[in-house]
Number of protein chains: 2
Amino acid sequence: MTQTKKKRIAFVGAGNVAWHLAQALAAAGHDVKAVYSRSRTSREALTGKLPQAQPIKTPDFRSFDLEMVIIAVPDAALADVAAALKVSPGALVVHTSGSQPLALLQQVKGARVGVFYPLQTFSKIKPVDLAQVPLLVEALDEETLHQLESLAKSISNQVYQVSSEARKQLHLAAVFACNFTNHLLGISQQLLQEANLPKQLLQPLIEETITKAAQQNPFAVQTGPAVRGDGNVLQAHLQLLEQHPTYASLYRQLSKSIQEQAQSGSGKTDKV
Amino acid sequence: MTQTKKKRIAFVGAGNVAWHLAQALAAAGHDVKAVYSRSRTSREALTGKLPQAQPIKTPDFRSFDLEMVIIAVPDAALADVAAALKVSPGALVVHTSGSQPLALLQQVKGARVGVFYPLQTFSKIKPVDLAQVPLLVEALDEETLHQLESLAKSISNQVYQVSSEARKQLHLAAVFACNFTNHLLGISQQLLQEANLPKQLLQPLIEETITKAAQQNPFAVQTGPAVRGDGNVLQAHLQLLEQHPTYASLYRQLSKSIQEQAQSGSGKTDKV
């Protein structure tokens, strides 16, 4: 991380993302001056953690001497919030969403706009080391981009410039790697529970899978009955899944995809 | 781990599992006396690591004063190996397979039989701390079970008695948690590569997903567009996957399964 000029910042939203981002920016020496949230409890809980910040109940920041407003609200609320926001001319307004384009902020009158997206799941009760969290920045002009970059580098060691287009694909990749993986882990735990087996049994194997995937192309190190073409085991597994038709059809689709991939052979030549 | 009476052991197979298991048993003070493998190179490579062991070229162990033979060969070869094996009467013969039943060994003449299954993926080039690897044991009588258990406890801190039936379900659970997860990580890396994004971008998020799943029921902490019912994002993602029809249909199936699970609500009440 690198030091940067202290910035005067306000937050829209006091949820999980704002909670961690605002405190990390304050800890890095920036001046978080105001927090707006519709929920009084939420905004006051966050300003309670930020001695210099004021909780405000309308998203009007014109009376504050701000350089930047960070919008950290649910995706579905982002357009409405952007429309209601009032900032001094020339202020920089960014959102923190992985799935929403920069263009969504162009309706904010008189502001320069950007994206400041921390790529991690946050929950208030769990401390996060933001220094290790990738921060993705985007802007329409070089100067704004550099400002966002140096702000990001003041709290994280992993800062990337990523366009809205690439961020969309990244979000899709995250759905596969995290949301879908989480669902498979849920199915796996359910199956263990049905056999009265403790869930920690599979933990070392899961961790090894993740570690290996970080080092090599997962396609090149795929194991299991599907890639071996072991029809007996596949049939036996589908029989075990008779009471779970949706899981059985997932099993079939995933096995088919593994086999197609193995036949295309791209894992062997095209190492990531 | 606990100390146990030193055992006289031989191995059938000199692949990844035998490689790690034989060395761990020797290090724990057991006497690994012989290694059979069809491949001369493999059996001599392993006995080279085991000063007291002799490489042999037929699976006939009757001239050795053995208490136990551990078969560590690919599942597909297990039945043939068991049929060809010759041991002194009363010797204990075990296999190390996760997916094969104990019953498969009942054709070994004059032997007591069991299962000694280390639940981890092994590769010769990578050291493994067997102490942290779950070892699953099974036998037909109490005495054999206790022998296997004390042998397992001499090299691992995680020893479980698991029946063939439960082991089958465990293997199915491992396919979901590891083989299928690995495939999803491969898809995710391919999507990142297509957008010229580095694969390490998603690493912190993947690790957080795994950590959380170990602590809580994954169904109860599911995130993402499917569980939110965010049809706009689902449509946008399917459009991005137009060039990958198999991935698109996986995306649909996984989203459907997530939504069904959320509606059934079992994640909320039925914590694993």
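This is a selection-by-selection tour of a predicted model.

**Both chains**

Start with chains A and B together. Chain B superposes on chain A through a rotation of 180° with 0.0 Å of shift along its axis, and the RMSD is 0.1 Å. The two copies are thus related as by a two-fold rotation axis. Both copies use the same surface: 99% of the contact residues of chain B recur in chain A.

Next, select B:Thr181. Of the residues of chain B, B:Thr181 comes closest to the rotation axis, with its C-alpha at 2.8 Å.

**Chain A: domains**

The assignment gives domain 1 as residues 8-162 and domain 2 as residues 167-264. Between the C-alpha centres of these two domains of chain A the distance is 37 Å.

**Chain A: the sheet**

Now show the strands of chain A. Eight of them make an open sheet with mixed pairing, in the order E3-E2-E1-E4-E5-E6-E7-E8. At the edges are strand E3 (54-56) and strand E8 (159-161) of chain A, each of which pairs on one side only. From one strand to the next the twist averages 25°.

Within this sheet, pick strand E6 (residues 112-118) of chain A together with E7(A). The two run antiparallel and are joined by five bridges. For a residue pair, select A:Tyr117, which stands opposite A:Leu136 in E7(A).

**Chain A: a salt bridge**

Show the side chains of A:Glu138 and A:Arg167. They meet in a salt bridge, at 2.7 Å from N to O. Which elements of chain A does this pair link? A:Glu138 belongs to strand E7 (residues 135-139) of chain A and A:Arg167 to helix H5 (residues 164-194) of chain A, so the link spans distant parts of the chain, 29 residues apart. Over all chains, the structure holds 18 salt bridges.

**Chain B: the sheet**

Switch to chain B and display its strands. Here an open sheet of eight strands, with mixed pairing, has the order E3-E2-E1-E4-E5-E6-E7-E8. Why is one side of strand E3 (54-56) and of strand E8 (159-161) of chain B left without a neighbour in the sheet? Both stand at the edges, and each has a single partner strand. Neighbouring strands of this sheet are turned against each other by 25° on average, direction ignored.

Select strand E5 (residues 92-95) and strand E6 (residues 112-118) of chain B. These strands run parallel, with four bridges joining them.

Then bring in helix H4 (residues 142-153) of chain B. Helix H4 lies across strand E1 (8-12), strand E4 (68-71), E5, E6, strand E7 (135-139) and E8 of chain B. Relative to E7(B), helix H4 runs at about 165°.

**Aromatic cluster**

Finally, show both chains again and select A:Phe176, A:Phe180 and B:Tyr251. These residues form one aromatic cluster. A search of the whole structure finds eight aromatic pairs over all chains.

Definitions and conventions:
Residues numbered from 1 in each chain as written. Chains lettered and ligands numbered in written order. Predicted model: local features only at pLDDT ≥ 70, side-chain atom pairs only at ≥ 80, totals over all residues. Heavy atoms only, no water. Phe/Tyr/Trp six-rings, centres within 6.5 Å; stacked < 30°, edge-to-face > 60°. Pairing = 2+ DSSP bridges. Axes fitted to C-alpha atoms, helices over the stretch in contact; angles between N-to-C directions. Contact = heavy atoms within 4.5 Å. Least-squares fit on C-alpha atoms with pLDDT ≥ 70 in both. Domains from an automatic or database assignment. Salt bridge = Lys/Arg side-chain N within 4 Å of Asp/Glu carboxyl O.
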